[in-house]
Every structure is written in C-alpha cells, then in structure tokens.
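Here is a short report on a few residues and how they sit among their neighbours. Have the sequence and the 3D structure at hand as you read.

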Amino acid sequence: EREEREEAAAAVPDEEGEARAAAESEGLQLHLSSRNATGYTGVSTTPSGRFRAERWAGGRIGHFRKLVYLGTFDTAVEAAVAYAR
C-alpha cells in the first residue's frame, strides 16, 4: 500500500509535464494568475485536494453569463490546459 502511494506521488510530475507538452503542441497558452492559490486563472482546489476548472461564458459581465464547469483534474496544470482549450 505504501509503495502504491509513493508511485502515485512520483507520477504527478510526469502528468504535469505531459499536460504542459500537450498544451504546447496544441499552441495553447496557460493563463497564469497571481490572485489564485493554484497559480492559474479558472482553476481552484476542491476539498479532496484535486483541481477544478471553470470558466465564464456568454455575454457581458452580469448579462446572461453562465459558469461552465470544465472538469476535475489531478493536477493544476491539467486543469489549466482544460481552461486554455
């Protein structure tokens, strides 16, 4: 059980690198944010420690705007890639 947790923890940096590489290959720009603890615009943490991506869609601010849920991810980088898409 301990070995499984260590392997899972070691895999996270690889997933982040793969997510960054995917974003780069698609020509996506990750939106950095200094106002957010995750470091990315549209990305927040969940109580379980995972990362949620959301974005506002629609008209002007306050007029028929809707919060669109993009998904929950294991890393902040994966969530940021979803936001960038």
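Thr46 lies in the loop between strand 1 and strand 2. Helices (H or I, at least four residues) and strands (E, at least two) are DSSP runs, numbered from the N terminus. This is a predicted model: local features need pLDDT of at least 70, side-chain atom pairs count only at pLDDT 80 or more, and totals for chains, interfaces and linings use all residues. Residues are numbered from 1 along each chain as its sequence is written, and side-chain values use heavy atoms, with hydrogens and water left out.

Thr46 is buried, at a relative accessible area of 12%. Buried means under 20% relative accessible area, exposed means over 50%, and partly exposed is in between (1.4 Å probe, protein chains only). Not counting residues up to four places away in sequence, Thr46 touches Arg52 and Thr72. Here, contact means heavy atoms within 4.5 Å. The side chain of Thr46 also makes a polar contact with the side chain of Ser48, at 3.0 Å. A polar contact is a pair of N or O atoms within 3.5 Å; within protein, one must be able to donate a hydrogen and the other to accept it, and residues adjacent in sequence count only if both atoms are side-chain atoms.

Next comes a salt bridge. The term means a side-chain nitrogen of Lys or Arg within 4 Å of a carboxyl oxygen of Asp or Glu. By this rule the count is 1. Asp74 pairs with Arg50, and their closest N and O atoms are 3.1 Å apart. The pair links distant parts of the chain, 24 residues apart. Asp74 is in the loop between strand 3 (65-73) and helix 2 (76-84), while Arg50 is in the loop between strand 1 and strand 2.

The table lists accessibility for some of the residues in this report.

| Residue | Relative accessible area | Class |
|---|---|---|
| Ser33 | 19% | buried |
| Arg50 | 32% | partly exposed |
| Asp74 | 44% | partly exposed |
| Gly58 | 65% | exposed |

Where is Ser33 found? Ser33 is in the loop between helix 1 (2-25) and strand 1 (43-45). A polar atom of the Ser33 side chain lies 3.2 Å from the backbone nitrogen of Arg35. Leaving aside neighbours within four places in sequence, Ser33 is in contact with Gly39, Tyr40 and Thr41.

Gly58 belongs to strand 2 (residues 51-58). With neighbours within four places in sequence left aside, Gly58 is in contact with Phe64 and Arg65. Gly58 and Val68 are 10 residues apart in sequence, and 9.8 Å apart in space, C-alpha to C-alpha.
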